[in-house]
Amino acid sequence: MNVTETKIKGCFIVEPTKFGDSRGYFFESFNEQTFNKLTGTETHFVQDNQSYSTRGVLRGLHAQAGEHAQAKLVRVLEGKVIDVAVDVRPGSQTFGQHVAVELSVENNLQLFVPRGFLHGFVVLSETATFFYKCDNFYNKAAECGVKFDDPELAIDWGIAADELIISDKDQVLPSFKALFVD
């Protein structure tokens, strides 16, 4: 397993070691002991989630607030997405900055999104199956979010705005400034 810290402290790209031959391939997608050693964290995942979406579906930007905050390890089981994590940790030197990583079944990359981040992704392929491990249980009352196209964040989602499919809930999320600055 290869772990590379992104430009934002605590947010890592994880690349499993893949073994293959004429029969196909094998890789260990997660090993808590190795993961914690390589990231310097003490992460213990308690919940797995999976979503299936079609091209243009944009899910996010969401976070769990307070004691319900979640760290996530995300990957794609089918298809290709742009995955985005935005640092909203109070006092962080990278507050308001984001990382965007292409995750696909071909590259097998994973993104570790620590607690204190907004998170979202958009599907670039015809369909995508997205999988994520969480270190805290989901709590609907603790969910918050920011509008995906907020100019303060200037995220390039890699797909034209007229191709996006966004939930009613996500279309009415507040701006970054309204939620985290004002």
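Colleague: What share of the accessible surface belongs to carbon and sulfur atoms?

Modeller: This is a predicted model, where local features need pLDDT of at least 70, side-chain atom pairs count only at pLDDT 80 or more, and totals for chains, interfaces and linings use all residues. Residues are numbered from 1 along each chain as its sequence is written, and side-chain values use heavy atoms, without hydrogens and water. By the Shrake-Rupley method with a 1.4 Å probe, the protein chain has an accessible surface of about 9500 Å². The part belonging to carbon and sulfur atoms is 50%.

Colleague: How many of the contacts between residues at least 6 apart in sequence join residues at least 24 apart?

Modeller: A contact means heavy atoms within 4.5 Å. Among those in the protein chain between residues at least 6 apart, the share joining residues at least 24 apart is 79%.

Colleague: Which element gives the largest share of the lining of the largest pocket?

Modeller: Strands are DSSP runs of E, at least two residues, and helices runs of H or I, at least four, numbered from the N terminus. Helix 2 (168–171) and strand 11 (117–123) are among the elements that each supply at least two lining residues. The largest share, seven residues, comes from strand 6.
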